[in-house]
Amino acid sequence: MLPKPERLTKNDFVGLRPRIVFRGNFVDIAVVSAKVSRFACVIAKKRIKKAVDRNRIKRLLREAYRTQKQALHISVAEKNIQVAVFFL
């Protein structure tokens, strides 16, 4: 699990207008400018029917973010912006 400061909550979603960066068959990646870099993962039941499969995908996405977040933070810092990453 990610540390609490790095997670997006339901309240954080209100009022955010994400920009879709990548749209695939099962994953859409959206980015929004934010005060602090954060991460969220939402898998629709409409796309992946079984909860076991949805949870596995979420775990894999969180782990991928966790292992690559240093590279993300470095590239974002060079551009002097903060981002919130959504996997929809």
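Visitor: Which strand gives the largest share of the lining of the largest pocket?
Guide: Here a pocket is an open set of points on a 1 Å grid over the protein atoms alone, with protein on both sides within 12 Å along at least five of seven lines, where a 1.4 Å probe fits, and lining residues have an atom within 4 Å of a point. Strands are DSSP runs of E, at least two residues, and helices are runs of H or I, at least four, numbered from the N terminus. With 3 residues, the largest share comes from β3.

Visitor: Where did this model come from, and how are residues numbered?
Guide: It's a predicted model, where local features need pLDDT of at least 70, side-chain atom pairs count only at pLDDT 80 or more, and totals for chains, interfaces and linings use all residues. Side-chain values use heavy atoms, leaving out hydrogens and water, and along each chain, as its sequence is written, residues are numbered from 1.

Visitor: Which residues of the lining are closest to the centre of the largest pocket?
Guide: The largest pocket has a volume of about 180 Å³. It is lined by 10 residues, and the closest to its centre are R7, F39, A40, C41 and R62.

Visitor: Which helix supplies at least two residues of that lining?
Guide: β3 (38-41) supplies at least two residues. So does a helix, namely α2 (51-78).

Definitions and conventions: Points joined across faces, edges and corners; volume = space filled by probe spheres on them.
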